Amino acid sequence: MNSTQPFLQPIENPKGLMMKIVYYLTRRRLGKVITPVKIFSARLPVAFGMFGGKIYQLDKKLKLPKELQLLIRQQVARINVCEFCIDTGRSVAIKEAMNEAKFDALAEYKTDPQYSEAERTALDYVTELTKDKRVNPEVFSKMTTYYSEREICEIIYLTASEHLSNITNIGLNIHSDMLCDISKRKAS
């Protein structure tokens, strides 16, 4: 088996009306049916796909700035090495005309002047939580300097829900769908 090939074959022609609608809507919204839908969602009851979609609908209810939300998701995906999620996050940044240089510098967030101290603190917290599955009390204490209790819970939600996507894609050997390229073509 090729190391870049998913472990399961994509289902190109789904069974059931609901999944056919999901394929149509995904193709319409993203320019293609993404690999996780063709591999993961197509093999499970529709409710599982709806659960995944609900996660990203819930993001709209968050109070954290959209750029910080995406930086948090990108940091988790980067640490977990989920190529699909890194590409998807970058695609969103392109579509929403966010500062791409800031996303390019994510590995250097601790020293890069583009990042505020509040962003560094959130990314330190997320990095510890993702890498170590625990958080140093001093890092948490620093979080309370910049973020409300609700915002801290939102940061934890973003970290946890990103892990769900990352582990799903990594577990099935799903790599980038090149959504950045589609977004760049649409932007130009």
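Biologist: Is Asp104 buried or exposed?

Modeller: Bear in mind that this is a predicted model, where local features need pLDDT of at least 70, side-chain atom pairs count only at pLDDT 80 or more, and totals for chains, interfaces and linings use all residues. Residues are numbered from 1 along each chain as its sequence is written, and side-chain values use heavy atoms, with hydrogens and water left out. Buried means under 20% relative accessible area, exposed over 50% and partly exposed in between (1.4 Å probe, protein chains only). Asp104 comes out at 52% relative accessibility, so the label is exposed.

Biologist: Which residue does Asp104 meet in a salt bridge?

Modeller: A salt bridge here needs a side-chain nitrogen of Lys or Arg within 4 Å of a carboxyl oxygen of Asp or Glu. For Asp104 the N to O distance is 2.5 Å, and the partner is Arg90.

Biologist: Which helix holds that partner, Arg90?

Modeller: Helices (H or I, at least four residues) and strands (E, at least two) are DSSP runs, numbered from the N terminus. Arg90 is buried, with a relative accessible area of 16%. The Asp104 and Arg90 side chains meet in a salt bridge. The pair links distant parts of the chain, 14 residues apart, with Asp104 in helix H6 (residues 100–104) and Arg90 in helix H5 (residues 83–95).

Biologist: How many residues apart are Glu12 and Lys38?

Modeller: Lys38 is buried at 15% relative accessibility, whereas Glu12 is partly exposed at 47%. Their side chains form a salt bridge of 3.4 Å, N to O. Glu12 sits in the segment before helix H1 (17–30) and Lys38 in helix H2 (residues 35–39), which puts these distant parts of the chain in a pair with a spacing of 26 residues.

Biologist: How many salt bridges does the structure hold?

Modeller: Another one joins Asp124 to Lys110, with the closest N and O atoms 3.0 Å apart. Asp59, Arg73 and Glu162 are linked in a network of salt bridges. For the structure, the number of salt bridges is 11.

Biologist: Which residues does Ser41 touch?

Modeller: Ser41 lies in the loop between H2 and helix H3 (46–58). At 14% relative accessibility, Ser41 counts as buried. Taking contact as heavy atoms within 4.5 Å, and not counting residues up to four places away in sequence, Ser41 touches Met19, Pro36 and Gly49.

Biologist: What accessible area does the nonpolar patch with Met18 have?

Modeller: Patches take residues with over 30% relative accessible area and no salt bridge, joining like charges within 9 Å and nonpolar side chains (Val, Leu, Ile, Met, Phe, Trp, Tyr) within 5 Å. Met18, in helix H1, is partly exposed at 45%. Areas come from the Shrake-Rupley method with a 1.4 Å probe, and for residues only the protein chains shown count as cover. Together, Leu17, Met18, Ile21, Tyr24 and Leu25 have about 510 Å².

Biologist: Which element gives the largest share of the lining of the largest pocket?

Modeller: A pocket is an open set of points on a 1 Å grid over the protein atoms alone, where a 1.4 Å probe fits, with protein on both sides within 12 Å along at least five of seven lines; lining residues have an atom within 4 Å of a point. The largest one is lined by 47 residues, with Arg29, Ile34, Gly52, Gly53 and Tyr56 nearest its centre. Two or more lining residues come from each of H1, H2, H3, helix H4 (66–80), H5 and helix H9 (149–171). The largest share, 11 residues, comes from H3.
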